[in-house]
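Look at the model first, then follow the questions.

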Amino acid sequence: MSVTEQPLAGTRVIDLADSQGELVGRLLADLGAEVIRVEPPEGAKSRHYTPFHDGESLAFAYRNAGKRGLVLDLAQGSDREALDALLGGADVMIESGAPGELTALGLDPADLCARHPHLVLLSFSSFGSFGPYRDWIATDAVLSAMGGVMAKAGIAEKAPLVPPASLAGDIASVSAAFATASALLQREATGAGQHIDFSALLGVAQTTDWAYANASITLAAGGDLAEKRSGSGPVYTIYRCKGGYVRLVVLSARQWRALWEWMGEPEEFADPHWEQFINRLMAADVLTPAYEAHFARMTMEEVSAEAQRRGIVCTPVLRPEEVLANEHLNSRGTFVEAELVEGISAPMASGFLEMDGVRQGPTRRAPRIGEHSAEVRQAGWEARPAPDKIPAPSAPLGGLRVLDFGIGGVGVECARLFADYGADVIRVESRTYPDFIRTITGGEVSTSFASSSRSKRSFGVNLKDPEGRALVHELAKRADVVIENSSTGTMEAMGVGYEALRAVNPGIVFISSQLLGSHGVWSDWIGYGPSTQPFGGLVHLWNYEDQDFPAGSTSIFPDHLAGRVSALAAVVGLIRRARTGEGGHGEVAQIESVTGMLGELLWKAAFEPGSVGPRGNRSDRGAPWNAYACAGDDQWCVITVRDDADWAALKTALGDPDWARNPAYDTAEGRHAGHDAIDKELGAFTQSREKFAVAEALQAAGVPCGPMLTAGDQIKDPHFQAWEYGHTISQPELLVDFDLEGPCFRASGMTEVVTTRAPKLGEHTETIAAELLGLSPAEIARLLESGALEGPPAE
């Protein structure tokens, strides 16, 4: 095997996921697994999901590209036997039925795992197999509302906004793929499979930035939560320019001075007072008109290019067609010509990552119903060996050592997952250039840093010092994984890039994540995760239908998502190393986490330019489909009607009112046409009722509905509590105990996650230098004195 072979080559997957979780199998196929998509004779439900082109579902085709198709009627005993025979030779099975659905068919997950002890079985469901919402029905809008995404988007004067596409379920699918890969890596050591119980709701909540931890510490300190929508907010603000919009982020004094000089050094902003971010924040009403007046003569591309040239973070708000035509994305190969069906193709977002310079994306179109049934049934799979015994649960990433060079959100979140699941994660950092998230609130530990750097150790070292750099090379010899998300070329300039560390440790798995990727014509652009939202089309599409100015969101998406894509890349790299002995280099361009999540809509725009735009809270997948105000201040619920059966259930839940008996509403076409009138009636029903009462009543009738939850709501929510989602830590620098976000899955072969406080900068320098590097106390003292090593702050 060569290092360029796909990391999951030879892995066999049976994929029964339908309507949710389908991206999990797609990701495994992207990484080289052989994935068999099992459908009933009539085809998957998701084949009927919008958007469509030429009568074909782009939603289905996008998430099932790269798979082969097999028809099995699992209501028939002979087909259940055929499935069982395939599972004997499979490595992974994915299913996304409601809890208990497979059991009713005689395919109980626990029984399947007992018969096939080598098998990793992922059960992906909306809420997980237990908890008060276990049997609730969810659409992507419901998951967005309850997962905390919706509460961060839109403006206070209007309804909160669910994101476009199937963002919530697909975000959760990335975490589910990480869970599955971690179980496969664990099996490399034990030979045993296991059952993974995955909650999509918690998978969404876990990636809604640091809201949960920040709400928890505010409440613990006796504060009040200010959970109001404020558009794009004061940090990642959107500004008007000629014919469009840009997202401009000016945090540092250096960035401000560069912008002031670009504006012609206006006298009114010459005072050093303006160099302080907090002062600019408080004067946004003065600065916004000044910025927009300066930008008024330039297009968004001109503003962004000149800002970047001056070292200022700025990106354009692109429409779908502009994303597809973008020179940087095309120079990277972000989009590839992909078949929808034979003879019909258009550019499609291809994969979420690269391994060793090779894009990991689909190699074939999605299958027709049962397209490969004959060959799959005829060929079969050789049985996988059973383990000698079923081992006790263990940490799936235990025994691994990770060097974490992460800053901000992406790299540190990737490394945090390794720490959660048992790895020894060592933050490599310096007080001279500290992670800005560590110091953002003035001290050396912020709440956000405590969340993403929990359970890690800290090694303080000056990489500009030759001795410091040599010590990091020695650490790399003893490491399994390196994670970094610095600006393009930074690691190489410091002498700790992939090639340098591979030279000292050929088995190293090195993970990089840059804003726009390490190659491409704009690879040197700087920014933060949210800088990719406008560039990738998300800011334009995540908006109300009736306004042009972007509504915005304060979510730092895609930082936490890109961190999980990076963690997936690292784990599959380790699987390949376990099989071949070779390390490798995984790269995650943060922009491609955005284009990947919007894949079906961008593909639609490629086929039919001009057809994709903001929809607010409405959806082509059903009507009514919206957010409705409930009793109380800024309290909302989402109600989504997918089909005629949902409509009948909604009428029953409402008491079959006269207005709902309009015969036009008995069809999807009629409900879409009458959406405004239906919304008015539903709004009258919900406005006097508490949001949970509305959700419980409609869910009892079988209507997909959910309350909008803020982070503060999630802390008190009984389902989050049933899953023991909050994990309490004592972080001395922050004075009060508070809760961090917990895991989104439970697995029969894994121990509970590790959750301890985040380290002080340099807290473990001496221990690591002595125990891992073998340095004497005298040598350590000399290196600390010279500044090559850095210890913790003086007490």
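**Hairpin, sheet and helices**

In this predicted model, the hairpin of E9 and E10 has two residues between its strands, and glycine 243 there takes a positive phi near 75 degrees.

Q: What makes E9 and E10 a pair, and in which sense do they run?
A: Two strands pair if there are at least two bridges between them. E9 (residues 237–241) and E10 (residues 244–249) have five bridges. They therefore count as a pair. The sense is antiparallel.

Q: Which residue in E10 stands opposite tyrosine 239, and which stands opposite arginine 240?
A: Tyrosine 239 faces valine 246. Arginine 240 faces tyrosine 245.

Q: Why are E9 and E11 called edge strands?
A: The open sheet has three strands in the order E9-E10-E11, with antiparallel pairing. E9 and E11 (313–316) each pair on one side only. From one strand to the next, the twist averages 30 degrees.

Q: Which helices pack on this sheet?
A: H12 (residues 284–295) touches E9 and E10, and its direction makes about 40 degrees with that of E9. H13 (residues 300–309) touches E9, E10 and E11. The direction of H13 makes about 155 degrees with that of E11.

Q: What makes E9 mostly covered?
A: Buried means under 20% relative accessible area. Four of the five residues of E9 are buried.

Q: How do you know that H26 is largely enclosed by the rest of the structure?
A: Count its buried residues. Eight of the eight residues of H26 (residues 590–597) are buried, so the helix is largely enclosed. Among them are Ile591, Glu592, Val594 and Met597.

Q: Which residues of H1 and H7 meet?
A: From H1 come Leu23, Val24, Leu27 and Leu28. From H7 come Asp170, Ser173, Val174, Ala176, Ala177 and Thr180.

Q: How many residues of each class make up this contact of H1 with H7?
A: Seven are nonpolar, two polar and one charged. Asp counts as charged, and Asp170 is in the contact.

Conventions: Residues numbered from 1 in each chain as written. Predicted model: local features only at pLDDT ≥ 70, side-chain atom pairs only at ≥ 80, totals over all residues. Heavy atoms only, no water. Contact = heavy atoms within 4.5 Å. Buried < 20%, exposed > 50% of the residue type's maximum accessible area, 1.4 Å probe, protein only. Axes fitted to C-alpha atoms, helices over the stretch in contact; angles between N-to-C directions.
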